[in-house]
Every structure is written in C-alpha cells, then in structure tokens.
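Please keep the sequence and the structure in view while going through them.

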Amino acid sequence: MNPEQTLVLIKPDGVQRGLIGEIISRFERKGLKLVGLKLLKLPRDRADQLYAPHQGKFFYDYLIQFMTSTPIVAVALEGQNAIELVRLVNGATRPVESQPGSIRGDFSIDITHNVVHASDSPENAERELNILFDPSELFDYPRIDEVILYSPEL
Ligand code: CMP
C-alpha cells in the first residue's frame, strides 16, 4: 500500500444543511482513514492561499465571500489513491456533470454552492493540507480494518 493524504472541505452550505455526518460517513465507508478534522471559520488570508490558482477568474471574489461566510469543516483523509478516489466520491464540479451517487450529484445544484472541495493533485494536496492543518493536528494511527481493506493474503 502506498498511501496518499488529501484535503476535503465541507463548504458553508454543507455545514448549514446538516450534511457533515453524511459526508464524512461516505469517506469512512469507502475505506479512507480520517487523519485530521476541524470546524472553523475560514480566515480571508487562508481562503486566498487556498484558492490562489483561481485568482483573477470571474468567480473568484464570490467564491471567497462564500467560503469565508460561515463555518466549514476541514477533513484530512488518507488511503491508497486517496486524491483521485475522493474526487470520485465528491463528483464533478459542474452540477450538470456530477453523477447521482456522488456527494455533489446527490446534494448540489449550483457550481459555487457545491457542498465539498477536494485537492486535485499530490502537489495541491500537500499545499492545501498545510494551509488548513498544523502537522501536530494530523494523526498517524492504524485503522482496525486495514488488514481486510488492503491485505493481499485475505
Ligand atoms: P472547488 O472544488 O472548491 O474549487 C474551486 C471552486 O471554484 C469550485 O469548487 C467551484 O465552487 C468554483 N468554480 C469553479 N468554476 C466555476 C465557475 N465557472 N463559476 C463559478 N464558480 C466556479
């Protein structure tokens, strides 16, 4: 097993609609390990860092205003191919492309209010985890079902 870590944010709409448990549960059931978790109101400077690749785009100010409006949940997840798998569980960014069964496909209808964010590459996963978590807030521990999730002998 070659584990990756990635960042998920449950956006203000996901928190306000009472979807925190539902969303985290989908990642847990998939077999991804929760290695960091916090509820916070995203400060403006950290929102700017997080969305730096989108600076200058027409939707940037609206996105930042939304993401800093009310609390979000930051979730650090670990597992084999975690970055790609989490994006699959989240679903496509455009509402008309997110498949039913994915989080966005089941719960969102708008491209800004799209419930979740996830890192899209190993470089961005490392960058984004550093913006949201201090290293001391990320935990290294075995999950009891790892043997059945990954073992080649079973
Ligand atoms: P997220 O995964 O948080 O990454 C960047 C966000 O920008 C994306 O989800 C959308 O919420 C938002 N976004 C991307 N493209 C557009 C667009 N064309 N119009 C409005 N918002 C967008």
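1. A salt bridge is a side-chain nitrogen of Lys or Arg within 4 Å of a carboxyl oxygen of Asp or Glu. The structure is a predicted model, and by this rule the count comes to nine salt bridges. One of the pairs is D145 with R143, where the closest N and O atoms are 2.8 Å apart. D145 is partly exposed, its relative accessibility being 23%.

2. Which residues are linked with R26 in a network of salt bridges? The network joins E22, R26 and D106. The next two points take its pairs in turn.

3. R26 forms a salt bridge with E22, and the closest N and O atoms of this pair lie 2.8 Å apart. Both residues belong to helix α2 (residues 20-30); because they are four residues apart there, about one helical turn separates R26 from E22. Is each of these residues buried or partly exposed? R26 is buried, with a relative accessible area of 14%, whereas E22, at 32%, is partly exposed. The cut-off behind these words is that buried means under 20% relative accessible area.

4. R26 also meets the side chain of D106 in a salt bridge, with 2.9 Å from N to O. This pair links distant parts of the chain: D106 lies in helix α6 (residues 103-107) and R26 in helix α2, 80 residues apart. D106 counts as partly exposed, at 36% relative accessibility.

5. The note now turns to the nonpolar residues. In soluble globular proteins, nonpolar side chains tend to be buried together. In this model, the largest nonpolar core has 20 residues, and those with the most contacts inside it are L7, L9, M67 and L132.

6. With which residues is L9 in contact, leaving aside its neighbours within four places in sequence? The list consists of L50, M67, I72, V73, A74, V115, V116, H117 and L132. Two residues in that list, M67 and L132, are also among those with the most contacts inside the largest nonpolar core.

Methods: Residues numbered from 1 in each chain as written. Predicted model: local features only at pLDDT ≥ 70, side-chain atom pairs only at ≥ 80, totals over all residues. Heavy atoms only, no water. Core = buried A, V, L, I, M, F, W, Y, C linked by side-chain atoms within 4.5 Å. Buried < 20%, exposed > 50% of the residue type's maximum accessible area, 1.4 Å probe, protein only. Contact = heavy atoms within 4.5 Å. Helix = DSSP H or I, 4+ residues; strand = E, 2+ residues; numbered from the N terminus.
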